[in-house]
Amino acid sequence: MNAFTLWKPDAVRVTKGADFIGTYHKTERSNRKWCKSCGGHVFTEHPGWGVIDVYAAAIPGFRFTPGLHVNYQETVLRMKDGLPKFKDMPKEMGGSGENIPE
């Protein structure tokens, strides 16, 4: 399980270490950015959705409040938190929009 935040591309900027960022492009849906020095995940660009996802824990001082679960069909850790649980993604992001009950 991982908490991530979604941002418009113009709201995200790398302030240090840009030369150390590599890209892994498995599909047209995403460009995963990782640190070439340590191998850690940095963020993921989603061109088709017009957003960038950044792990909440990677933003110093960011107060994260979850709003929904995505790709819940694949979960191994069931959550009973009252939040919407999407089978894949919300319809506005190209998913089915189908919810899975708690």
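Does Cys35 count as buried or exposed, and at what relative accessibility? At 17% relative accessibility, Cys35 counts as buried, where buried means under 20% relative accessible area, exposed means over 50%, and partly exposed covers the range in between, with a 1.4 Å probe and protein chains only.

The model considered here is predicted, and local features therefore rest on pLDDT of at least 70, side-chain atom pairs count only at pLDDT 80 or more, and totals for chains, interfaces and linings use all residues. Residues are numbered from 1 along each chain as its sequence is written, and side-chain values use heavy atoms, with hydrogens and water left out.The secondary structure of the protein comes to zero helices and five strands, counted as DSSP runs numbered from the N terminus, with helices (H or I) of at least four residues and strands (E) of at least two. Read along the sequence, these elements follow the pattern β-β-β-β-β. Along the principal axes, the C-alpha atoms fill a box of roughly 45 × 30 × 25 Å. Of the contacts with a separation of 6 or more, 27% are accounted for by residues 24 or more positions apart, a contact being defined by heavy atoms within 4.5 Å.

The strands form an open sheet of five strands in the order β1-β5-β4-β3-β2, with antiparallel pairing, two strands being taken as paired if DSSP finds at least two bridges between them. Strands β1 (4-7) and β2 stand at the edges, each with a single partner strand, so one side of each is left without a neighbour in the sheet. Direction ignored, neighbouring strands of this sheet are turned by 25° against each other on average, with the axes given by lines fitted to C-alpha atoms, for helices over the stretch in contact, and angles running from 0 to 180 degrees between N-to-C directions.

Strand β2 (residues 21-27) is joined to strand β3 (residues 30-35) by five bridges, the two running antiparallel, and Tyr24 has Arg32 of β3 as its bridge partner. These two strands form a hairpin with two residues between them. Four bridges join β3 in turn to strand β4 (residues 41-46), again in an antiparallel arrangement, and here Trp34 stands opposite His41 in β4. The hairpin made by β3 and β4 has five residues between the strands, and Gly39 in its turn has a positive phi of about 85°. Strand β4 is also joined to β5 by three bridges, the strands running antiparallel, with Asp53 in β5 as the bridge partner of Thr44.

Cys35, with which this account opened, lies in strand β3. Leaving aside neighbours within four places in sequence, Cys35 is in contact with Phe20, Gly40 and Val42. The C-alpha atom of Cys35 is separated by 27 Å from that of Asp88, which is 53 residues away along the chain.

The phi of Asn71 is near 55°, a positive value in a residue other than glycine. As background to that value, most residues other than glycine have a negative phi, and most peptide bonds are trans.

Gln73 also lies in the segment after β5 and is partly exposed, with a relative accessible area of 42%. Apart from neighbours within four places in sequence, Gln73 is in contact with Phe86, Lys87 and Ile100. Although Gln73 and Asp88 are 15 residues apart in sequence, their C-alpha atoms are 6.8 Å apart in space.

Ile100 is likewise placed in the segment after β5 (51-55), and at 22% relative accessibility Ile100 counts as partly exposed. Not counting residues up to four places away in sequence, Ile100 touches Tyr72, Gln73, Lys85 and Lys87. From C-alpha to C-alpha, Ile100 and Gly67 are 15 Å apart in space, with 33 residues as their distance in sequence. Two of the residues touched by Ile100, Tyr72 and Lys85, are also related to each other, as the charged end of Lys85 sits over the ring of Tyr72, 5.8 Å from its centre; such a placement requires NZ of Lys or CZ of Arg within 6 Å of the ring centre and within 35 degrees of the ring normal.
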